[in-house]
Amino acid sequence: IFSVVKTMNDGLKLQKDLEALQKYCDESSLFLNLKKCNFMRLTKNITKTVECVYKLGNTELEQLSVVKDLGVYFDKKLSFSNHVEHIVNDANRTLGFISRSCREFRNPRTLLSLYYAYVHNKLMYASVVWNPSYSIHINRIERVQHRFLRMLSYKIGQPITDRNYTPIMRMFKIIPLKDRRTISDICCIYKLSSGLFDCQDLLTCLNFNAPERNFRNNQLFRTPFRRTNIGTNSPLIRAQKNHNNFCDIDLFN
């Protein structure tokens, strides 16, 4: 349940929604686990928040600043810095375990398979949702793959000394993680617009560019202007921009 809360009346309306949910559960003999029920305020301006107390039954709900949902950590500013911190630490621990356990391995392709199976998927899971826009987060994630590339270079007897990872990436056909996330964005838009994702709510959020005449601008999507970084980097707007910039596929043909 979510709502835009700008005044105390908005908060009271949200509380009535919670009371309606509680009533429905009581009438249907459904029981809510109140220990797992909480709420979070999503806002950039902390000083202008409306402080409301929300309850389910007689239990006051706890306010959280970070919540994990389906493996993704959401914070109240939607910066996903907590999620980046978590996946980087988790991936580094796993990569360290692989490094210690596979010292005797001679075939670099084996290490590559282990990397993709146990490390790479941690860094890419649900990236369409949290794909970062700030360089500090992008570089932190990329450094995990660079650490693996250094490990791989020692295995083949060509240690990386000048931080030039391009030759070994070309040798093993490894793509930068930033580009991987861009590909995931484009694949998501393709699947959504072609019906492979059956979600009408998301489909209605796409802004197809359908001019009456042929113009030089043949971009498929018309992306709306957003004043903030969060708005510009929101999943669907960012994915539509990536499709316009990097993809020349006519989804209607």
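Predicted model: local features only at pLDDT ≥ 70, side-chain atom pairs only at ≥ 80, totals over all residues.
Strands S5 and S6 form a hairpin with 2 residues between them, and Leu70 in the turn has a positive phi of about 55 degrees. S5 (residues 66-69) and S6 (residues 72-75) pair in the antiparallel sense over 4 bridges, pairing being assigned if DSSP finds at least two bridges between two strands. Within this arrangement, Val66 stands opposite Asp75 in S6. Strands (E, at least two residues) and helices (H or I, at least four) are DSSP runs, numbered from the N terminus.

Residues are numbered from 1 along each chain as its sequence is written, and side-chain values use heavy atoms, with hydrogens and water left out.

Turning to the helices, H5 (residues 135-155) has 21 residues and reaches 30 Å from its first C-alpha to its last, close to the 30 Å expected at 1.5 Å a residue; the expected span is 1.5 Å times one less than the number of residues. Its buried residues are His137, Ile138, Ile141, Glu142, Val144, Gln145, His146, Phe148, Leu149, Met151, Leu152 and Ser153, where buried means under 20% relative accessible area, exposed over 50% and partly exposed in between, with a 1.4 Å probe and protein chains only. The cover over these buried residues includes H2, H3, H4, H6 (166-171) and H7. After H5 comes Gly157, whose phi is positive, near 75 degrees.

Two packed helices are described by the angle between their axes and the distance between the axes. H2 (residues 81-101) and H5 pack at an angle of about 5 degrees, with their axes 9 Å apart, which makes H2 roughly parallel to H5. Axes are lines fitted to C-alpha atoms, for helices over the stretch in contact, and angles run from 0 to 180 degrees between N-to-C directions. Angles under 35 degrees count as roughly parallel, over 145 as roughly antiparallel, 65 to 115 as roughly perpendicular and the rest as oblique. On the H2 side, the residues in contact (heavy atoms within 4.5 Å) include Val84, Ile87, Val88, Ala91 and Leu95, and on the H5 side they include Ile141, Val144, Phe148 and Met151. By class, this contact of H2 with H5 divides into 9 nonpolar, 6 polar and 3 charged residues. Here Ala, Val, Leu, Ile, Met, Phe, Trp, Tyr, Cys and Pro count as nonpolar, Asp, Glu, Lys and Arg as charged, and the others, Gly among them, as polar.

H10 (residues 235-246) has 12 residues and reaches 16 Å from its first C-alpha to its last, close to the expected 16 Å. Among its buried residues are Leu236, Ile237, Ala239 and His243. The buried residues of H10 pack against H4 (127-130), H7 (177-193), H8 (200-203) and H9 (229-232). H7 and H10 pack at an angle of about 100 degrees, with their axes 8 Å apart, and are therefore roughly perpendicular to each other. Thr182, Asp185, Ile186, Ile189 and Leu192 in H7 meet residues of H10 including Leu236, Arg238 and Phe246. The contact of H7 with H10 has 6 nonpolar, 4 polar and 2 charged residues.

Two further positions complete the picture. Asn121, in H3 (residues 108-124), counts as partly exposed at 38% relative accessibility. The C-alpha atoms of Asn121 and Ile87 are separated by 9.9 Å. Asp198 lies in the loop between H7 and H8 and is exposed, with a relative accessible area of 72%.
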